[in-house]
Structure formats: structure tokens, C-alpha cells
Amino acid sequence: MSVEAWMRSVEATALVGTGRRAPGPVPPIGIAPVDDGDPQTQLLDQAAVLDVLTRAAATPDRREPEAPCPPQARPAAPPEAEQLLRLLIHQPPLKGNERLRAIEHWLTRCAGSGYSVPVALLPDLLTLARQDSVLRPALRASWDQRGAWLASRFEPTLVDPGSGPDGDLDVDGWRKLSAKEATSRLTELRDVDAAAGLARLVELWPGYSAKERGQVIDALGTGLSLDDASFLEAALDDKGKATREAAARLLARLPGSGLVSRMSARLRSLIDVTEVPRGRGLGRVLGRTSTVVRVVPPAEVDAAGVRDGLRPQATDPDRRHWLCQILEAADPRTLNEVSGLPPQELVEALELDEQVAAALATAVARHADREWAAALLPHPSLRNGRDLALLLDPAQRDAWLIGLIRTAPPAEAAHALLNVPRPWVKPVAAVVIDRLISDKDRGHFLLGVASMPDGFGPDALPLLATLPADLPADLGGITLRAARQFLIFNQTIDEAFASTQPPHLQEEHA
């Protein structure tokens, strides 16, 4: 038996197991493992011999010497700060997300204070940044010349975010990717350079099947803009149903697209404005009226509507679905133009159920209409107003959020916190802490807050510092203790950098 045949035999035995295939004999290569009669031991011994042979036969690559690293432009972080970073990396007092966010805070303060990352810790930080993309911007800002030099050899995408998704593949390489892999790579490229991602998709598009086109087109959802509108408009006529539906969904998210204009025209024809008598007795005699605005489901859909993503069926549920699709994609200001009412009065006049309110909220969020958001958010039929709350000014948003945290079911309150800027302002943090302590049925709210260690900012530290020492040992107590420890550690990092200045800054202030 040749060495090559023996190698294939060992691989086959490892694949199916020694219970189904006994290890074969070792060819005469000068060394052989002792056969103790146990097939499993025999297979492992043969694999070890193969590994030795493979390593012994390897020849080193011949490469040109590396260019030396440029000198550092900034001094390394002070010893007190370096000690804290070493602790976070090798013996972290914080766990999970809290640890990574504390490292990110350290790197941000390091760069902001005019220092660079200690060289000895760069390999550990590069490994962490490869695993957690959130660390990368802060690391790039603080690693200085030696960090950039080392990262360019360790993981080029850490140095240049645009070098990875597209730079190492030519057109043929892209065409060898599966649709799933191509979608992932295109999404990464779009996140860095949306125009380059679109250009690459246009180049690859003719080579994809209808099923594959229905997958890869979703990559345009990242970095979506009106620059993509003409490509998506053409995709509405694609042979693949999934492609047409995806193109319609994406165009509906683009205020100013042709599809949004067409949906707004359809909505205009569905709005019914009626003046009805108001009150009883004298009010009715005097002819006082109130305006009632209804949005009526369409009776049918023409070919143009089907092209824009409306299904051709005509049952009552389908007509309701058409109405919601049209509302979601149309400009909400169409309702103002037809009724002549501003958003606040229009919301009071509209006949809204939960389904229609949700569709209208989607349209308002897509068009980033702050006046509409403020009017629609308090409506009792609206079950989920997180996207609208983000459009409000901070004071309005925080007032809405505080009320929601106090009264909403746990999951709804947690989702609302997840979708507003963090860290939370002190009044919001206060009601979060209160609910964590007092609410016996915390459920999803507790789990949601536990996943947001960056929700509590420095303003919340006085609140957390005054919590009783005997917090319950459940997840609520663990979450609050972890938040307190996270903020205290960040404060220690701030103090370590504030206690000294780099020499070049000391000279500037002299």
C-alpha cells in the first residue's frame, strides 16, 4: 500500500468509525505504531504518524522580508490605565457584553486622551476585534502606527473596513459563491460602500437564476437609497415572484420612489371625508358638524397594482391587506391633502383600528414625519409605537417612554427600551430600576434589560449606588449589580486617564 492510499484509508476509517471499518496496515515507512489490538487506539496512533509525516514533508514559504513598522506617534497609555486593560482582557471582573463595552470605553478614552494602546496587548485586542465588530472603530482610533502595522498582517479588514467583502474576490470568485454566501458578502460591502455593492450586484445579476435573484436582492436593504430605485423598479418586472415581491418591499421603504408615488395616488382615491351632525338638541339644530375620515379598502386591483406588489385575489381579507399595503407605502401627507386637516385633527377624525393604525405608523416612520408621529403615538389603537417615538424630540420621547415602562406589559416595555438611544437619561433609568425592583411579574422586561448593559449611563450611577446591599439574588438583582459594577469600572478608567497627560500635550499647555 502506498502512503497516499494509506492516508485515504485512515481518513475513510475516521469518517465511518472503527466499528464499521478496521484500520488498515501501515506501509513500510520506517516507523509504525504499536498494535495493542484496540482499533480505536490503532486509528488514533496512525493519524498521529500521518500528522508527523505531513509536517516533516512541508517546506517553508519563501517571502520577502517585512517592511519595518513606523515609529509610534503617541505614547503608550499610563501604567494605571494599562493595568485596568490587562485586567479586562485576562482576568475580567465584568462578564459578556459588559466586559466588551468596558474595553470599548477604555479604547475610546485612550484615543481621546492622546495615548495609544500598549503594544504587548495588541494581539489580544486584535483577536477580540475580529470577534466583535463594535470594538473595531475604537481600536483603530487608539492603536497608533504599530497597531495598524500589526493589524494589516493579522486581519486587513480591521485596518480598512472596505478591503474585505469585495477586495479579495474578482468576478469569477463572486460567481462561485452560493446565493446565500453572495448575499452575506454583498450586505457587508453595502454596509461599507453602498454604490460599490449595487455595482457588483448589477454585474452579477444576469448570471443568477430566478430563485437566486430572489435571495441576493435582499442585500440592497442595507444602505438603501434612491440610487437603488431604478434597479429595483426594473426588478418589479422580473420573472421570479420572490424577486418582484422583494423589490416592491424595498421600494416601499424609499420616500420619493415611483412606487411610493403610485401608492399615494391609490390612497388618494380611497379616502372618504364626511361631515356628520355633532351633538344633540341645539347643536344639531344649529348645523354643527364633525369631520369623519375613512380609508376604504379597494374593491379590486389592476395589473399596475399587482406589479407594485398587491396580490390579485379579491376576498374581504385580501382587500383589507391591500389597504394596509397601500397605507404602509404611501406618503401619509396624502391624507392631509385630501382631508384638509393637520395630523393632530386628522388622527381624531380617522376611523382607526389596530391593523390600519399599524400600517399608518409604518408609513409615518418611513417618511420620518415628526408631526404625524406626535399625533399618532398616543392613539389607543396603536399597539407598537417604538419607531414613532424615535422621531420625537428627546423630551417628548422620554415622557412617552417613562409612561410605557410604568404601564406596558413586560415584553413591550423591554422592546421600547431596546429601540431608543442608550444610555438612557436619568429619569428613564430611574423608572427602569423601580420596575426591576418592584415588579414581581418582570418576565421579558427583565431579560430585555439584562441584554442592554449600556443602557445605564454615568447619570444612573448615583441611583444604583444607593440600592440596598441585600438585593435579591434573582436575575433582577444580578442585572442591577452588574450595571453598578460596569459604571464604577468605567469611572475608574476615566480617572486613570484623567490623572496624567501625554508629554506632547503637557508641552502644548506649558
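How many salt bridges does the structure hold? The structure holds 25 of them, where a salt bridge is a side-chain nitrogen of Lys or Arg within 4 Å of a carboxyl oxygen of Asp or Glu.

Hi everyone, a quick word on the model. It is predicted, so local features need pLDDT of at least 70 and side-chain atom pairs count only at pLDDT 80 or more, while totals for chains, interfaces and linings use all residues. Residues are numbered from 1 along each chain as its sequence is written, and side-chain values use heavy atoms, leaving out hydrogens and water.

D228 pairs with R190, and their closest N and O atoms are 2.8 Å apart. D228 sits in the loop between α12 and α13, and R190 in helix α10, so the pair ties together parts 38 residues apart in sequence. (Helices are DSSP runs of H or I, at least four residues, numbered from the N terminus.) D228 is buried at 2% relative accessible area, and R190 is buried at 3%. Buried means under 20%, exposed over 50%, and partly exposed in between, with a 1.4 Å probe and protein chains only.

Now for the nonpolar core: buried Ala, Val, Leu, Ile, Met, Phe, Trp, Tyr and Cys residues joined through side-chain atoms within 4.5 Å. The largest one has 129 residues, and W106 is among those with the most contacts inside it. Helix α29 gives the most to this core, eight residues. Beyond its neighbours within four places in sequence, W106 is in contact (heavy atoms within 4.5 Å) with residues including L84, I493 and F497.

Lastly, K95 is exposed, at 70%, in the loop between α3 and α4.

Definitions and conventions: Helix = DSSP H or I, 4+ residues; strand = E, 2+ residues; numbered from the N terminus.
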